[in-house]
Amino acid sequence: MYLITLDSETDFDGWRKAARALALHHIAPVDVIWDVQGQTTEQIPPGLSEAPSLPPIEIESTFNVPANFIELARVALLNRDVQRFALLYRLLWRLKADHDLLAEMTDPDVALATAMANSVHRDVQRMRDVVRFREIGREQKAHYAAWFVPEHHIVEFAAPFFARRYADMPWSILTPDICAHWNGHVISFTAGISQTEMPAPNRLEETWRRHFQADRSITPEAPKQRGRNFPEASILEPLLTDAERWTGGQTTPRPEAPMTRKPAADDLETLRKEAAHCRACPLYKDATQTVFGEGPKSATIMLVGEQPGDKEDLAGHPFVGPAGQMLDRALQEAGVDRRKVYVTNAVKHFKFVPRGKIRLHQKPTTPEIRACRQWYERELAALQPSLVVAMGATAAQSVFGKITPIGKNRGRLIALPDGRKALVTVHPSYLLRLPDPKAKELEYQRFVDDLKIAAGFREKSARAA
């Protein structure tokens, strides 16, 4: 029997090195016990050999495994299941003889490892969904902190996402296992918040200042993992309240089932909650959250934009950034009360490319527009507006189901197959990008004139009713 002691719960490199050595020396999985340094493993037989006592590996000795096994093992190892190390070595051992083993999804070992990895991925997505930062301090000395309770050992794995997403602000994510910190340049880790140090409700700032004030150094070394035996009642109440508000009351992992089309009888609130977990295209992976449409159910005008921008992605509401302010101004001049119209986007997740600390907008592709069109169609069915205003080429493509030029179609009412009318115009962000002040003012007035057509149509429809 061999006892393999890893440095930490997430020591993939240590596991990989030991597993390779064991396999090359033909040591069967039943003859190996896996342990983690600093933890007490029950029922370890005395006198076990450590991995370093294995004979040296010959240079020419090697074997290959599928690349997808390495990725599967890297993620599954973050699961809290204590049997994960043994399971992954058992799979490695079997892959030596059956290189196509991972294709057999009904195999118990393959199915269990895949389920472990999927559970980790769901926990990572849950972390992205519910983590919301609270400001500590003001202006130049401001720091942002958040509280999160992971189901698995995902904090180190998930931290780079938050560094990309919130690159321009210093933040800390506090968890019972490990705390992650970002200073604008590098991610570092410190010990988790133990049960006795767990911050009481509304005491996050005090906890931060006690453990992580600016005059204390934060080292990039990950600490040993701590246990999860803590009272649920001591979880930060305000942060979970925020999390529930942002995620429709869901703060537990959810299975990522494929999206399926439902009948057109959905109400808007049901659609909003369902869209919050949309995985129909890859854009959800980097976006902060789904940004769904907003407005009264009685709205007769539906405004459709392209996609959320940076401000909308962080706030979770459509048209709240510079383009939204431009839209508000134009609607007011056109005589349209924004509070009485429904505002949405053709694509519900922010697509961008990072450039340093800035997230640059990227135009959605046709497959992404098609993947998200189900939400537009179901919003349309739930609202039953008389007029749809497509702002920009992406919105027009979603509304008409095909590429529709703006110049040839703007400024006039177009009949849709279902009998309602559509109006095509530019997106307000187009006006913001115009460098020449005179051209910007001219195009802005054209935009207002288009919206006046919508206002006139609404008034005509109201008189007819």
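Student: Where is the place of proline 170?

Tutor: Proline 170 sits in the loop between α5 (155–165) and β6 (171–174). Helices (H or I, at least four residues) and strands (E, at least two) are DSSP runs, numbered from the N terminus. Keep in mind that this is a predicted model, where local features need pLDDT of at least 70, side-chain atom pairs count only at pLDDT 80 or more, and totals for chains, interfaces and linings use all residues. Residues are numbered from 1 along each chain as its sequence is written, and side-chain values use heavy atoms, with hydrogens and water left out.

Student: Thanks! What does proline 170 touch, not counting residues up to four places away in sequence?

Tutor: Proline 170 touches Ala142, His143, Tyr144 and Trp182, where contact means heavy atoms within 4.5 Å. Proline 170 counts as partly exposed because its relative accessibility is 27%. For the cut-offs, buried means under 20% relative accessible area, exposed over 50%, and partly exposed in between (1.4 Å probe, protein chains only).

Student: How about confidence: what is the mean pLDDT of the chain?

Tutor: The mean pLDDT of the protein chain is 81, and 78% of its residues reach 70 or more; pLDDT is the predictor's confidence in each residue, from 0 to 100. Over residues 214–265 the pLDDT is below 50, though this stretch has 107 contacts in the model beyond near neighbours in sequence. Where pLDDT is low, the predicted coordinates should not be read in detail.

Student: Good to know. How many helices and strands are there in the chain?

Tutor: The protein chain has 15 helices and 15 strands. Of its 465 residues, 50% count as buried. Among contacts with a separation of 6 or more, 73% come from residues 24 or more positions apart.

Student: And the core? Which residues have the most contacts inside the largest nonpolar one?

Tutor: Those are Trp15, Trp34, Phe69, Tyr89, Phe133, Phe162 and Trp171, in a core of 57 residues. A nonpolar core is a set of buried Ala, Val, Leu, Ile, Met, Phe, Trp, Tyr and Cys residues joined through side-chain atoms within 4.5 Å. Helix α4 (residues 108–130) gives the most to this core, with 8 residues. There is also a second, separate core of 56 residues, which includes Leu268, Ala275, Ala395 and Ile414.

Student: Let me zoom in on tyrosine 89. What is it in contact with, leaving aside neighbours within four places in sequence?

Tutor: Tyrosine 89 is in contact with Trp15, Ala19, Leu22, Ala23, Ile27, Ala28, Pro29, Val32 and Trp34.

Student: Back to α4 for a moment. Is valine 120 buried or exposed?

Tutor: Valine 120, which lies in helix α4, is buried, with a relative accessible area of 0%. Leaving out residues up to four places away in sequence, valine 120 touches Val75, Leu78, Asn79, His152 and Ile154. The C-alpha atoms of valine 120 and histidine 153 are 8.1 Å apart, although 33 residues separate them along the chain.

Student: New topic: α10. Which of its residues are buried?

Tutor: Ala323, Gly324, Met326, Leu327, Ala330, Leu331 and Ala334 are the buried residues of α10. They cover an arc of only 155° around the axis, so they are on the same side of α10; the arc is that of the directions from the helix axis to the C-beta atoms. On the other side of α10, Gln325 and Gln332 are exposed.

Student: Last one: where does histidine 26 lie?

Tutor: Histidine 26 lies in the loop between α1 (12–24) and β2 (32–36). Histidine 26 has a positive phi of about 60°, although it is not a glycine. Histidine 26 counts as exposed because its relative accessibility is 61%.
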